[in-house]
Amino acid sequence: MLEVHDLTVRFGGITALDGVGFEVAAGEMVGLIGPNGAGKTTLFNCLTRRYDAQSGTITYEGRDLTAVPPHAVAGLGLARTFQNLGLFPRLSVRDNVLLGAHHRGRAGFLSAGLRLPRVRREERELRADADAVLDRLGLAGVAAHPATGLPFGTLKRVELARALVGRPRLLLLDEPVNGLNAAEVAEFAGTLGAIRAEYGLTVVVVEHHMGFVMGICERIVCLDFGRKIAEGSPEEIQRDPAVIEAYLGTAA
Amino acid sequence: MSTTGTTEAAAPAPVRQRRRLDRRWAGLALLLAAAVYAPFQLVPFHVFQLTMVLVYAVALLGLNLLVGHAGQISLGHGAFFAVGAYASAVLLDRWDLPYPLTLPVAAAVAFLLGLALGVPAMRLRGLYLALVTLAIAIFLVPLLKRFEELTGGSMGLTLAKPQPPAWSGLAEDQWLYFLTLAVAVAAFLLAASLLRSRVGRALHAVRDNEIAAEVMGVRLSFYKTLAFAWSAMYAGAAGCVYTWVIGFVSPDSFTVNLSITMLAGLVVGGLGSLAGPVLGALFVMFVPSIAQDVNDAAPGVIFGLLIIVVMYVAPTGLAGLAGRLTRKIPRKE
Ligand SMILES: Nc1ncnc2c1ncn2[C@@H]1O[C@H](COP(=O)(O)OP(=O)(O)OP(=O)(O)O)[C@@H](O)[C@H]1O
Ligand SMILES: [Mg+2]
């Protein structure tokens, strides 16, 4: 479904990604790990066309993703959440989620201004979908609340809801359990597993919480200083000397 | 206060929302009733003033789409107001077009000009955008003087005002008022539906977080440019009605001051709210002359001071202040 080949991204003197390559098959849940600054978020930013790569290719469902304009990525069924939240703080939680369905809508300025019947029908459908997702993620109670001033974990769930309502096929999650306590992490792992099955999702998840990643992912890719240093099943990764070295090295 | 807080929390969310909507519609209906009643109670000069408030309200509704909702700035919307006014005036003067027809034409001309200028302007941000739009306002008026044949040069054009049809039994000032009210109500409904839709959400997303908006699939350049063109169209429509009401256009009516007063009025009225443009229009209409009365020598100073006072007392504009006050009332019941 997704093939990344030899991807290199530089910012001035920093090489954020250095010849990274991996594949994700449809239906898989892949973990992306690595110490701080390893280039995980940068990789997501390349996949959603926020950053241009200096070299390398990204193929998504057989299409060259690097030739797709940024705003068209969502329409291809690729959704993401942000590490440090990318919500619209002045809008309600429901409106935030509805924006996730933006690319599914067709209403333009004139047809929306005139409230044409097809616009109203479309809006009804999108609202029903958004409310269903809000319900599914236990957010119905805060739907009318502005998307700010709520607990970080709740806002992260709003982002997940916003991504899901766009009916993605590939979902990129950037540190979804950051800031959650142990019980919440376990609960989130359960929710994510269930949602993945319900929606038939392929997921790439960046996370520092090892228990979470090892428990939920079938395969793990480990980056360090922009390079892929290991790839394999959770058991293989846990035993991999390069991974242990990378993590101990930064801890020291 | 704490007890009402708990009962409120106990009410299911949709019911509470419905009730708030009902109250809002009731308020609007009341306002409309008052607006229909007013011209029969006021002397012609006050009816005229109220008409002008509605004219500015239409222009500010449009400017609000761009500034309050899409988060972009324009210091040049007086130019689109002027274009609408002149388009209408020339059509009436040259081609004797029936006046109702000048409205769609003026709106369309302003829209197209807004689109043409919006494509390059909306690639800019902040200060650069402010400067470029200010330049539009500065260069437009001399341009109007140049086409003397059509625009009457610095003398301007004088036109016959729309006359009330006999069946209406209205005086001229009342007829003009109702024409303007009809345009304003239509403009309000159009903007309100637009903002409650997918398009409105996309504009808000562009305003609040461009990066996230793009990830949602919102095409930034498209929404910014169309917001600019639509706000130009609103200004053009307002300009057209201005021509009907005043019966005279000249370059001196549309100086850079108009553009700046419009933006200041909108900010004072309240950005991003539906009531803001109406309150802002009151400001645009009355504050410059009040400033003139207070201090003949330096109306600009008084005008500036008034803006500062309002922004200090009500940082979210008069609409925000009104919202805060009305929200306090039910809490005390
Ligand atoms: N826009 C940018 N401009 C300059 N440098 C950047 C930019 N984005 C990322 N970098 C740099 O690229 C490197 C990789 O950053 P990235 O955010 O991808 O790391 P990460 O693996 O997500 O780390 P973390 O676990 O802390 O989130 C870092 O050195 C970072 O400073
Ligand atoms: Mg990161």
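This is a predicted model: local features need pLDDT of at least 70, side-chain atom pairs count only at pLDDT 80 or more; totals for chains, interfaces and linings use all residues.
Residues are numbered from 1 along each chain as its sequence is written, and chains are lettered from A and ligands numbered from 1 in the order in which they are written. Local features need pLDDT of at least 70, side-chain atom pairs count only at pLDDT 80 or more, and totals for chains, interfaces and linings use all residues, while side-chain values use heavy atoms, with hydrogens and water left out.

The magnesium ion (ligand 2) is coordinated by OG1 of A:Thr41 and OE1 of A:Gln83, at 1.9 to 2.1 Å. Donors here are N, O and S atoms within 2.8 Å of the metal (3.2 Å for Na, K and Ca), and because water is not among the atoms, sites may look incomplete. The two coordinating residues bring together distant parts of the chain: A:Thr41 belongs to helix H1 (residues 40-47) of chain A, and A:Gln83 to the loop between strand E6 (78-80) and helix H2 (93-100) of chain A, 42 residues apart. Helices (H or I, at least four residues) and strands (E, at least two) are DSSP runs, numbered from the N terminus. A:Thr41 is partly exposed, with a relative accessible area of 24%, and A:Gln83 is also partly exposed, at 22%. On this scale buried means under 20% relative accessible area and exposed over 50%, with partly exposed in between (1.4 Å probe, protein chains only).

Oxygen atoms of ligand 1 come to 2.8 Å from an N or O atom in the side chain of A:Lys40 and to 2.5 Å from one in the side chain of A:Thr42. A nitrogen atom of ligand 1 is 3.0 Å from an N or O atom in the side chain of A:Tyr51. Taken alone, ligand 1 exposes 640 Å², of which the protein buries 67%; these areas come from the Shrake-Rupley method with a 1.4 Å probe, and for residues only the protein chains shown count as cover.

Helix H1(A) itself is mostly covered, with seven of its eight residues buried. These are A:Lys40, A:Thr42, A:Leu43, A:Phe44, A:Asn45, A:Cys46 and A:Leu47. After the helix comes A:Arg49, whose phi is positive, near 65 degrees.

The strands of chain A come next. An open sheet of four strands has the order E2-E1-E4-E5, with antiparallel pairing. E2 and strand E5 (63-64) stand at the edges, each with a single partner strand, so one side of each is left without a neighbour in the sheet. Two strands pair if DSSP finds at least two bridges between them. Five bridges join strand E1 (residues 2-11) to strand E4 (residues 55-60), and A:Val4 stands opposite A:Ile58 in E4(A).

Strand E9 (residues 219-224) of chain A is mostly covered, with six of its six residues buried. In a regular strand the side chains alternate between the two faces of the sheet. In E9(A) both faces are covered: A:Arg219, A:Val221 and A:Leu223 lie on one side, and A:Ile220, A:Cys222 and A:Asp224 on the other. Four bridges join E9(A) in parallel to strand E3 (residues 29-33) of chain A, where A:Val30 has A:Arg219 as its bridge partner. Five bridges join E9(A) to strand E10 (residues 227-232) of chain A, and these strands run antiparallel; A:Leu223 is partnered by A:Lys228. The hairpin of E9(A) and E10(A) has two residues between the strands, and A:Phe225 takes a positive phi near 50 degrees there.

In chain B, B:His77 is found in helix H4 (residues 77-95) and is buried, with a relative accessible area of 1%. Its side chain makes polar contacts with the side chains of B:Ser74 (2.7 Å) and B:Ser231 (2.7 Å). A polar contact is a pair of N or O atoms within 3.5 Å; within protein, one must be able to donate a hydrogen and the other to accept it, and residues adjacent in sequence count only if both atoms are side-chain atoms.
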